[in-house]
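This report describes selected features of one structure.

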Amino acid sequence: MTECNRLPVVFSSLGRKKLAADFQGGDLTSDGGLPLLREVDRRIGLIEQLSAAIRDPRDPERIEHDQRTLLAQRLLAIAAGYEDLNDHDALRTDTLLQALTDRRLKVGQKEGDPLGSPPTLCRLENRITRRDLVRMAAVLVDQFLASHPAPPEEIVLDFDATNDPVHGGQEGRFFHGYYDEYCFLPLYVFAGDQLLVAYLRPSNIDGAKHSRAILKLLVTRLRQAWPRVKIVFRADSGFCRWRLMRWCDRHSVDYLVGLARNAVLERQGQALMDEARGRYEATDEKQRLFGEFSYAADTWDRARRVIAKAEFGPQGDNPRFVVTSLAGDPQDLYDRVYCQRGEAENRIKEQQLGLFADRTSCHAFLANQFRVLLSAAAYVLVETLRRVGLAGTELASAQVGTIRLKLLKIGGRIVRSVRRVVLHLASPFPLQELFRTVLARLKERRCLPTAGP
């Protein structure tokens, strides 16, 4: 311990009493709720699956930290809010984190020996291969499949891209005119709140790049497990590509995709907009009218159904267009189905802001893709905690940051003996009953994924 850490921290006085602190409390933790995430992993087997997906070229007789332990160390730290490798200079000596990684001690090692150092974790990042990443990505899909006790009738796949700003000379970073910065352009796929794909891409590409190939892989895997499931592809206008829609038509995949405004679309929807304008002028209240027509751009292979929303209010007109293969009332499809696409953006924010998927500061592109997948895996742990443990509670729809604050960041004292590890959590913790409920639910049964064919 450095001398500066031994010096007391002196605060303003409390009346006549002095207030001071130091960092010599011993085996204390501020992450007393992390064992809940270990219970999640024991239920779904995520860390074991990820470790099996990554080839480890090291000599087992000469290594100190096995791969599964390093992955557990990194994932639990990300979930707890520690995004940097440098954080592990201190975290590697954390008694609770050491216990939760379930590490297997080798000959000559003892409990209390530090976990992997930042350089060790960095070497793991930089030895990841493209094949490792492909197998890790498959684990996310297998986890999604295993989370359903029975095949669902319908799955809506939300595709969305976002910017991942970078501030160095990373491989694959380019300047993006729309975002006005150097960045990556990752692609995410969600089904409801559940994450299936987290795919890092360079930013000098079309925003829909590789989306057709990824959709094909997902549909193939989903139908291998659930042959009768109805699949709907949903995305904004950035993914409106006729080849993608043609593939959907040929493979019985429905779609609901935004369509960028243009003169032809506005002309076909003009009568509806005129009616909305007239109603607004008569009532002085914003109007929303819906209609539909057949439309094909010059490059499309055929005409398709387009839903038009004519909205007129104090700021003027606001037309919107959606192309779809789905049958049904235009307003119902737009309001009830298409507008739910916005939830995927909230889930991406949880990835980027709550679980640090934008912490792509490695030089090598593959290492940065690995970091994105680590954040994705941490999201799977927290999302399972929310979906299984918090269903029907006041935190059922809480975001990652709130779950971390309310359930994971609990002060505690750790007492370790030969036979057991006891975590004495803070007595004033206000959500004790919820904590007990969540733990009981997570221990009810295990739901391990089966490997894909």
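## Aromatic contacts

F159, F233 and F239 form a single aromatic cluster. Rings of Phe, Tyr and Trp (its six-membered ring) count as a pair if their centres lie within 6.5 Å; planes under 30 degrees apart are stacked, over 60 edge-to-face, and the rest tilted. The model is a predicted one: local features need pLDDT of at least 70, and side-chain atom pairs count only at pLDDT 80 or more, whereas totals for chains, interfaces and linings use all residues. Residues are numbered from 1 along each chain as its sequence is written, and side-chain values use heavy atoms, with hydrogens and water left out.

Over the whole structure, 14 aromatic pairs are found. In one of them, the ring centres of F175 and Y182 are 5.4 Å apart and the planes stand at 75 degrees, so this pair is edge-to-face. Buried denotes under 20% relative accessible area, exposed over 50%, and partly exposed the range in between (1.4 Å probe, protein chains only). F175 is partly exposed at 45% relative accessible area, and Y182 is likewise partly exposed, at 39%. The rings of Y280 and F312 have centres 5.5 Å apart and planes at 50 degrees, so the pair is tilted. Y280 belongs to helix 12 (residues 270-283) and F312 to strand 13 (residues 304-313), so the pair ties together parts that are 32 residues apart in sequence. Both Y280 and F312 are buried. Helices (H or I, at least four residues) and strands (E, at least two) are DSSP runs, numbered from the N terminus.

Strand 11 (residues 254-259) is mostly covered, with six of its six residues buried. D254, L256 and G258 point one way from the strand, while Y255, V257 and L259 point the other way.

Two strands are taken to pair if DSSP finds at least two bridges between them. Strand 10 (residues 230-235) pairs with strand 11 in the parallel sense over four bridges, and F233 has Y255 as its bridge partner in strand 11. Strand 15 (residues 320-324) pairs with strand 11 in the antiparallel sense, also over four bridges; here V323 is the bridge partner of V257. Strand 10, helix 10 (residues 242-250) and strand 11 make a right-handed β-α-β unit. A crossover is right-handed if, with the strands pointing away from the viewer, the path from the first strand over the helix to the second runs clockwise.

The buried residues of helix 16 (residues 400-408) are V400, I403, R404, L407 and L408. They cover an arc of only 105 degrees around the axis, which puts them on the same side of helix 16; the arc is that of the directions from the helix axis to the C-beta atoms. These buried residues pack against helix 2 (35-44), helix 4 (67-80), helix 14 (342-354), helix 15 (365-389) and helix 17 (432-442).

P330 is found in helix 13 (residues 330-337) and is buried, at 12% relative accessible area. Leaving aside neighbours within four places in sequence, P330 is in contact (heavy atoms within 4.5 Å) with F290, G291, E292, R305 and I307.

## Cysteines

The structure holds zero disulfides, a disulfide being a pair of cysteine sulfur atoms within 2.5 Å. C183 is in no disulfide, and the nearest cysteine sulfur, that of C362, is 17 Å away. C183 is buried, with a relative accessible area of 0%. C362 is also in no disulfide; the nearest cysteine sulfur, that of C122, is 6.2 Å away. C362 counts as buried at 9% relative accessibility.
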